[in-house]
Amino acid sequence: MKLGRNDPCHCGSGKKYKKCCLEKDEAANRTLLPEDFVGEDEEYVDEETDDVLESETETENDTADWDIEDDDDDDDDEDEYDDEYEEEEDDDESKVDVKAVNQRWEEFEKQDYEGKIALFLKTVEEPELMDDEMAFEMLNTLYDQTTTPPQRERYDTLVEKLRERLPNIYSKSAHFYLQNCITNAVLAGRFERVPAMMNELARRAGKDIDVFNSVVEELAYYGQLSTLIEAMHLAWPKVKRSGDIVPWGIDEFAGKATQNLVFDYVERHPAATSGDAELFERLKFFNSQVETARIDKFIALLAGRANRQWTRADFTFKPANRPPRFRGDDRKGIKIPKPIQQNLFDLSLEFQGRLRRETNMPLVKSELGREQLVKYFIDRLGGELEPRQSMLEAAFNRPKPKTRSPEFYLKGDENSVAWLCPDRETLDHCLAGLFHLLSSRPYTAATMFELIPAWLRFLESYQLVSAALHEQTLQSLRKLTADLQGLVPKINSDPALQTVIKSWGENTAPEKAS
């Protein structure tokens with residue numbers, strides 16, 4: 001997904017990309033030679049896990065007998081949507097007095113919090129000064145200063161004022177405002193406010209998919225499954241026809257929407273071992289080629305009725321080096337055989353279902369961590385999480401960072417499959433990527449970390465890891481909590497994430513084999 005001209009700049013300045021680093025980045029791109037982009041081979045992990053919910057995105061307009069408000073006019077909305085959000089930045093900017101706008105912004109920057117609010121309200125009444133950029137930067141600055149519930153309420157009021165007085169200006173960056181207002185509602189526990197805002201955001205998902213996906217993860221963390229099901233249903237007609245979303249992103253969206261329907265079915269029918277006609281009809285909205293056997297297997301695993309007795313042999317394999325991913329790739333990695341990947345995927349689903357039954361954790365929340373754990377194990381053996389020498393370090397002939405052979409993670413005592421246990425160094429690398437400024441996924445990172453003690457207990461219950469390795473892993477990973485406690489508040493202000501990190505590992509007594 002590409003960074004848009006009106007998106008916040010990746011440098012963290014808070015300004016729009018077009019007013020900050022766009023020109024510099026374009027100049028840098030022009031200096032790259034064509035050979036910098038050739039020679040890439042297909043990633044071996046493209047064949048990962050053979051998901052039972054693998055989606056084949058449909059290009060035709062599928063329909064389903066599923067009553068959701070306003071869904072019957074999706075096709076009519078599409079043309080209106082495309083026209084409404086087609087940007088004409090140059091025309092807009094030519095109508096404003098640039099000097100006066102700059103003076104107003106300089107005046108805004110000098111104000112304290114209350115003064116900024118007053119100046120924003122004044123500028124809303126002066127359309128010649130309030131363009132999209134001014135509105136965005138003013139509200140973005142004010143949002144960064146909202147840390148208490150009353151202040152968050154004031155921010156929401158300011159957004160509503162902009163929508164009321166200057167709807168065209170509001171519309172241009174509405175996806176950012178909606179994201180902030182949804183977060184405000186979540187942190188205030190006002191979940192009744194979320195569906196309407198999420199549905200409005202869903203109708204913009206075809207052009208603003210990154211923001212939409214970020215909010216989806218936030219709501220998944222809080223178990224807002226019904227809200228997500230409705231919003232993704234509304235968004236799908238826009239998403240599947242969008243020219244701004246890469247094909248794999250469209251497929252991934254359909255897969256997530258399908259998963260959510262299955263999660264809803266399993267939570268409403270905890271004794272079910274397979275799907276019913278109503279479920280399969282709903283699934284066809286996102287994929288007309290529903291494979292009932294695969295869905296039934298998925299349900300059975302989540303319900304704990306797959307009758308599979310896991311052993312070490314299910315996860316033991318002879319290492320085979322993966323092929324280089326691109327020209328000059330010197331990283332060493334192991335390609336996990338597809339049957340072993342499938343076993344890992346199935347085991348993780350069974351774990352997810354047990355977690356639901358024992359702790360009542362919503363499936364849509366645990367999916368954030370389950371999926372990331374599976375990816376982590378595959379990436380680690382593939383050599384993706386080992387430290388690598390940068391181009392600058394190589395140019396100055398600096399020593400290469402020390403790395404471990406992928407075979408290291410396959411070692412263990414006779415009672416363990418060690419590669420199913422995280423280690424501190426590579427988990428640190430994985431979490432750092434999830435907290436990266438340009439692609440921050442704090443709710444996924446926190447959920448993944450939260451699940452690890454339960455995952456280790458689950459593995460020991462099947463005697464896939466020994467009690468000694470279980471405890472050794474926990475002791476090693478506890479060293480990450482101090483770093484995460486310092487990092488999380490800088491990335492996300494949600495106190496729930498800080499609580500998870502702070503209390504991590506408190507309940508880590510090994511589970512007895514059942």
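Arg 424, Leu 427, Asp 428 and Leu 431 of helix H19 are in contact with Lys 479, Leu 480 and Leu 484 of helix H22, contact being defined as heavy atoms within 4.5 Å. By class, this contact has 4 nonpolar, no polar and 3 charged residues; Ala, Val, Leu, Ile, Met, Phe, Trp, Tyr, Cys and Pro count as nonpolar, Asp, Glu, Lys and Arg as charged, and the others, Gly among them, as polar. The structure is a predicted model, in which local features need pLDDT of at least 70 and side-chain atom pairs count only at pLDDT 80 or more, whereas totals for chains, interfaces and linings use all residues. Residues are numbered from 1 along each chain as its sequence is written, and side-chain values use heavy atoms, with hydrogens and water left out.

H19 (residues 424–434) and H22 (residues 479–491) pack at an angle of about 20°, and their axes are 11 Å apart. The two helices are therefore roughly parallel, a term applied to angles under 35 degrees. Helices are DSSP runs (H or I, at least four residues), numbered from the N terminus.

A salt bridge denotes a side-chain nitrogen of Lys or Arg within 4 Å of a carboxyl oxygen of Asp or Glu. Arg 424 is partly exposed at 28% relative accessibility, as is Glu 425 at 42%; buried means under 20% relative accessible area, exposed over 50%, and partly exposed in between (1.4 Å probe, protein chains only).

The whole structure contains 24 salt bridges. Glu 160, Arg 163, Glu 200 and Arg 204 are linked in a network of such pairs. Arg 163 bridges to Glu 160, with the closest N and O atoms 3.4 Å apart; these residues lie 3 positions apart in helix H7 (residues 149–165) and are thus separated by about one helical turn. Arg 163 also forms a salt bridge with Glu 200 (3.0 Å, N to O). Because Arg 163 lies in H7 and Glu 200 in helix H10 (residues 194–202), this pair ties together parts that are 37 residues apart in sequence. Glu 200 is buried, at 19% relative accessible area, whereas Arg 163 is partly exposed at 30% and Glu 160 is partly exposed at 41%.

Thr 141, in helix H6 (residues 132–144), is partly exposed at 22% relative accessibility. Not counting residues up to four places away in sequence, Thr 141 touches Trp 105, Phe 108 and Lys 116. The C-alpha atoms of Thr 141 and Glu 109 are separated by 9.1 Å, the two residues being 32 apart along the chain.

Conventions. Axes fitted to C-alpha atoms, helices over the stretch in contact; angles between N-to-C directions. Parallel < 35°, antiparallel > 145°, perpendicular 65-115°, else oblique.
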